[in-house]
Amino acid sequence: MIPHLVFFDVDNTLTESKQPLSARKVELMTELLRHTKVAITSGAKIALITHQIPDQLPEEVRSNLYMLPASGSALYEYKDGEWKAVYEDLFTPEEVEEVRAAFLNAGTDTGLIDFNAPSVGERIEWRGSEMALTAPGQEAPIDVKAAWDPDRSKRMKLREVLLPLLPNYEVRIAGRSTIDVTKKGIDKAYGVQQISQYLNIPIADMIYIGDALYPGGNDEVVKKSGIKTHQVKDPKETEQLMETLLAS
Ligand SMILES: [Mg+2]
């Protein structure tokens with residue numbers, strides 16, 4: 001039986017990093033949405049995941065899709081032809097400044113980021129209910145991002161310095177060269193609990209599919225919600241899993 005809600009991570013699970021759904025995935029996702037509800041979550045902001053997933057899908061299936069951008073710190077649903085926030089705990093301008101100052105201090109104190117050097121796109125991005133620090137810049141090519149911190153050691157060091165500076169926030173290693181910050185207690189597991197309450201679907205009737213459920217991976221945190229999980233290695237494997245789900 002298909003779970004009452006299928007939860008997907010986006011980058012490297014449904015799509016390549018920041019890319020739209022492939023043609024085959026559009027077919028499979030459309031079919032899945034005809035049979036059950038689907039939620040997608042990502043560290044990225046709403047505009048990017050809207051482009052990656054629902055913009056590629058036929059309008060008639062979008063109302064069965066829910067988006068949790070910015071690491072679950074917001075929930076969006078499709079109503080009356082547009083995406084509307086069910087909740088979104090926006091940072092105040094003071095909070096934005098507090099986190100920005102901590103990023104600047106941590107990058108400079110560790111000697112890991114020279115904020116005076118040019119970057120490809122902004123290094124610090126405010127995503128509404130989340131702040132992100134991406135050392136080479138948000139728009140840097142994937143290989144440049146991947147080469148910056150392949151063993152995570154730089155981000156672990158940055159996180160260590162950020163933790164005492166940001167006691168009221170969650171500080172996570174994300175993506176390839178990024179640190180994400182949301183308010184305390186807000187993460188993908190919070191998103192799972194929120195959507196369970198909102199749709200009145202028990203967590204036991206859901207499954208979470210992600211590429212980074214291993215220790216230290218950016219999907220691991222969902223496990224504390226008690227949701228059943230399924231690790232995939234890449235979008236190709238997710239395609240096979242969707243076919244299996246649809247056949248069940
Ligand atoms: Mg991922």
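**Labels and their cut-offs**

Me: Why is Asp11 called buried?
Reply: Asp11 has a relative accessible area of 19%. Buried means under 20%, exposed over 50%, and partly exposed in between, with a 1.4 Å probe and protein chains only. The 19% of Asp11 is under the 20% limit, so Asp11 is buried.

Me: What kind of model is this, and how are its residues and atoms treated?
Reply: The model is predicted: local features need pLDDT of at least 70, side-chain atom pairs count only at pLDDT 80 or more, and totals for chains, interfaces and linings use all residues. Residues are numbered from 1 along each chain as its sequence is written, and side-chain values use heavy atoms, with hydrogens and water left out.

Me: What makes a residue a protein donor of the magnesium ion, and which residues are they?
Reply: Donors are N, O and S atoms within 2.8 Å of the metal (3.2 Å for Na, K and Ca); water is not among the atoms, so sites may look incomplete. Asp9 (OD), Asp11 (O) and Asp211 (OD) lie 2.2 to 2.3 Å from the magnesium ion. Those distances are within 2.8 Å, so these are donors. Asp11 is in the loop between β1 (5–9) and α1 (23–35), and Asp211 is in the loop between β10 (206–210) and β11 (228–231), so the two tie together parts that are 200 residues apart in sequence.

Me: Is Asp211 buried or exposed?
Reply: Asp211 has 16% relative accessibility, so it counts as buried.

Me: Why is Glu139 called exposed?
Reply: Glu139 has 57% relative accessibility, so it is exposed. Glu139 is in the loop between β7 (131–134) and α5 (142–148). Its C-alpha atom is 5.2 Å from that of Val120, although the two are 19 residues apart in sequence.

Me: How do you know what Glu139 touches?
Reply: Contact means heavy atoms within 4.5 Å. Leaving out residues up to four places away in sequence, Glu139 touches Val120 and Gly121.

Me: What makes a group of residues a nonpolar core, and how many residues has the largest?
Reply: A nonpolar core is a set of buried Ala, Val, Leu, Ile, Met, Phe, Trp, Tyr and Cys residues joined through side-chain atoms within 4.5 Å. The largest one here has 31 residues, and Phe8, Met29, Ile40 and Leu57 have the most contacts inside it. The largest share of this core, five residues, comes from α1. A second, separate core of 20 residues includes Phe91, Val96, Val99 and Ile113.

Me: How do α1 and α8 lie relative to each other?
Reply: The axes of α1 and α8 (235–247) come within 10 Å and cross at roughly 35°. Axes are lines fitted to C-alpha atoms, for helices over the stretch in contact, and angles run from 0 to 180 degrees between N-to-C directions. Residues of α1, among them Arg24, Leu28 and Met29, meet residues of α8, including Thr238, Met242 and Leu246.

Me: What is noted about the phi of Ser71?
Reply: Most residues other than glycine have a negative phi. Ser71 is not a glycine, yet its phi is positive, near 60°. Ser71 is in helix α3 (residues 69–72) and is buried, with a relative accessible area of 4%. Asn200 also is not a glycine and has a positive phi of about 60°. With a relative accessible area of 69%, Asn200 is exposed, and it lies in the loop between α7 (188–199) and β10.

Me: Why is Gly72 called buried?
Reply: Gly72 has 0% relative accessibility, so it counts as buried. Gly72 is in helix α3. Not counting residues up to four places away in sequence, its contacts include Thr41, Tyr87 and Ile186.

Me: What makes Arg123 buried or exposed?
Reply: Arg123 has a relative accessible area of 10%, so it is buried. Arg123 is in the loop between α4 (93–109) and β6 (124–126). It touches Ile113, Phe115 and Leu133, among others, not counting residues up to four places away in sequence.

Notes:
Helices (H or I, at least four residues) and strands (E, at least two) are DSSP runs, numbered from the N terminus.
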